[in-house]
Amino acid sequence: MKVKKRWIATFLTPAVLLYIFVYALSLITLIATSFSDWRIGGEIDFIGISNYKNLFAQEAFHAAVMNTIKWILLQSTIHVLIGVIFALLISKRTRYTAFASTVFMIPNIISSAALGMMYLCILNSKFGLVNSVVRMFGNESFSQNWFMDPNTAFFSVTMTWLPFAILSQCW
């Protein structure tokens, strides 16, 4: 048994050292430099919590925190709720179960980068499907930049994530 433990230690040691070197040192450096005024190539001037005071005073930071909280609440409730619903639906064997299983595997087949590019094309302000449909129904000059407009960006990102979340929860 001691031989096995020695081999485990032998193989784990490089991984642990690499982890400490890459992640732990980077984290320590990040924390240390967050309390300083430092530009690459310049001197490091310790300024205490001044950076954090500036951060908490910015409106954009508060908006980012609120969007993060909304996103966490939205994705966690939707993931769990839809995952349970689909698990219950698939647990009943019908003639459509094989088809549903195939459809639910689509997010695992298509990479996230490809899905992102598809949604960039679908929501493109000039030639995207969504804007084209709106133009078809009478608003000829409609041109909405869904991802860059602060009023629609959160909704757009959520809607692009939602189908992936729904389908990926099934497995």
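These are my notebook entries on a predicted model of one protein chain.

**Entry 1: the overall layout**

I started with the secondary structure. I found eight helices and two strands in the chain. Going along the sequence, I noted the order α-β-β-α-α-α-α-α-α-α.

Next I looked up how much of the chain is covered. Of its 171 residues, 19% count as buried. The chain exposes about 13400 Å², and 72% of that comes from carbon and sulfur atoms.

I also checked how far apart in sequence the contacting residues are. Taking contacts with a separation of 6 or more, I read that 39% are between residues 24 or more positions apart.

I went to Ser36 and found it in strand 1. Is Ser36 buried or exposed? It is buried, because its relative accessible area is 6% and the cut-off for buried is under 20%. A polar atom of the Ser36 side chain lies 2.9 Å from the backbone oxygen of Thr33. Setting aside residues up to four places away in sequence, I listed what Ser36 touches: Ile44, Asp45, Phe46, Ile47 and Asn51.

Then I moved on to Trp38, which lies in the loop between strand 1 (36-37) and strand 2 (45-46). Trp38 has a relative accessible area of 35%, so I put it down as partly exposed. Which backbone oxygen does the side chain of Trp38 reach? I found that of Gly42, at 3.2 Å.

**Entry 2: a charged pair**

I looked for salt bridges and the count came to one. Side chains of opposite charge can pair when their charged atoms come close. Here the partners are Arg39 and Asp37, and their closest N and O atoms are 3.5 Å apart. I checked the cover on each partner. Arg39 counts as exposed, because its relative accessibility is 61%. Asp37 is partly exposed, at 37%.

**Entry 3: aromatic rings**

I turned to the rings and noted six aromatic pairs. One of them is Phe56 with Phe61, an edge-to-face pair with 5.2 Å from centre to centre and 80° between the planes. Phe56 is partly exposed at 48% relative accessible area, and Phe61 is partly exposed at 23%.

I then looked at Trp71 and Phe154. The ring centres of Trp71 and Phe154 are 6.3 Å apart and the planes are at 85°, so I wrote the pair down as edge-to-face. Where do the two residues sit? Trp71 is in helix 3 (residues 59-91) and Phe154 is in helix 8, so this pair links distant parts of the chain, 83 residues apart. Trp71 is partly exposed, with a relative accessible area of 25%. Phe154 counts as partly exposed too, at 28%.

Phe154 had something else to show me. Lys70 lies over the face of its ring, 5.3 Å from the ring centre.

I looked up Thr152, which has its place in the loop between helix 7 (129-136) and helix 8 (153-168). Thr152 counts as buried, because its relative accessibility is 14% and buried means under 20%. The side chain of Thr152 reaches the backbone oxygen of Trp146 at 3.0 Å. Beyond its neighbours within four places in sequence, I found Thr152 in contact with Gln144, Asn145 and Trp146.

My last stop was Leu123, in the loop between helix 6 (112-122) and helix 7. Why does Leu123 count as buried? Its relative accessible area is 12%, and the cut-off is 20%. Not counting residues up to four places away in sequence, Leu123 touches Val130, Asn131, Gln144, Trp146, Phe147, Ser156 and Thr160. Gln144 and Trp146 are also contacts of Thr152.

Technical notes. Residues numbered from 1 in each chain as written. Predicted model: local features only at pLDDT ≥ 70, side-chain atom pairs only at ≥ 80, totals over all residues. Heavy atoms only, no water. Helix = DSSP H or I, 4+ residues; strand = E, 2+ residues; numbered from the N terminus. Buried < 20%, exposed > 50% of the residue type's maximum accessible area, 1.4 Å probe, protein only. Polar contact = N/O pair within 3.5 Å; in protein donor to acceptor, adjacent residues only side chain to side chain. Contact = heavy atoms within 4.5 Å. Areas by Shrake-Rupley, 256 points an atom, 1.4 Å probe, with all protein chains shown as cover. Salt bridge = Lys/Arg side-chain N within 4 Å of Asp/Glu carboxyl O. Phe/Tyr/Trp six-rings, centres within 6.5 Å; stacked < 30°, edge-to-face > 60°. Lys NZ or Arg CZ within 6 Å of the ring centre and 35° of its normal.
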